[in-house]
Amino acid sequence: MIIVCSQFNIGIIIEFKTRRPKEEPNLARTAQRALDQIEEKKYEVELRDRGVTNIKKLAIAFDKKEALVVEG
C-alpha cells in the first residue's frame, strides 16, 4: 500500500505480513521479511518517479492478536 501526501511531499510504503511459525521464530523476523520485500520489489521507485523525496517504509507483522510495527 502506498500513500502520498503531496502537500508535504511525504510517501509512506506499508507492507503487511503474517508470521510463518515454521520459518520465522518471532515477529521481528517477519517484519524484516516485509522490509526485504519493499526493497526487492523496489516499491519506492513509483514514489520517486512522482517526485516524492521523503519516503517512510513501514513493516507490520502479525501473529494472531500480536502485532509489531517496524520502520525501515
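Mentor: Quick ground rule: helices (H or I, at least four residues) and strands (E, at least two) are DSSP runs, numbered from the N terminus. This is a predicted model, where local features need pLDDT of at least 70, side-chain atom pairs count only at pLDDT 80 or more, and totals for chains, interfaces and linings use all residues. Residues are numbered from 1 along each chain as its sequence is written, and side-chain values use heavy atoms, with hydrogens and water left out.

Trainee: Okay, where's Glu44?

Mentor: Glu44 sits in helix H2, residues 44–49.

Trainee: Buried or exposed?

Mentor: Buried, with a relative accessible area of 19%. The cut-offs are under 20% for buried, over 50% for exposed, and partly exposed in between (1.4 Å probe, protein chains only).

Trainee: Which side chain meets Glu44 in a salt bridge at 2.4 Å, N to O?

Mentor: That's Lys57. The pair links distant parts of the chain, 13 residues apart, with Lys57 in strand E3 (residues 54–63) and Glu44 in helix H2. Lys57 is buried too, at 14%. A salt bridge here is a side-chain nitrogen of Lys or Arg within 4 Å of a carboxyl oxygen of Asp or Glu.

Trainee: And what about Arg48 and Glu44?

Mentor: Their side chains also form a salt bridge, 3.0 Å from N to O. Arg48 and Glu44 are 4 residues apart in helix H2, so about one helical turn separates them. Arg48 is partly exposed at 44%.

Trainee: Switching topic: how many salt bridges by this rule?

Mentor: The count is 9. One of them pairs Glu23 with Arg20 at 3.2 Å, N to O. Glu23 is exposed at 55%, while Arg20 is partly exposed at 36%.
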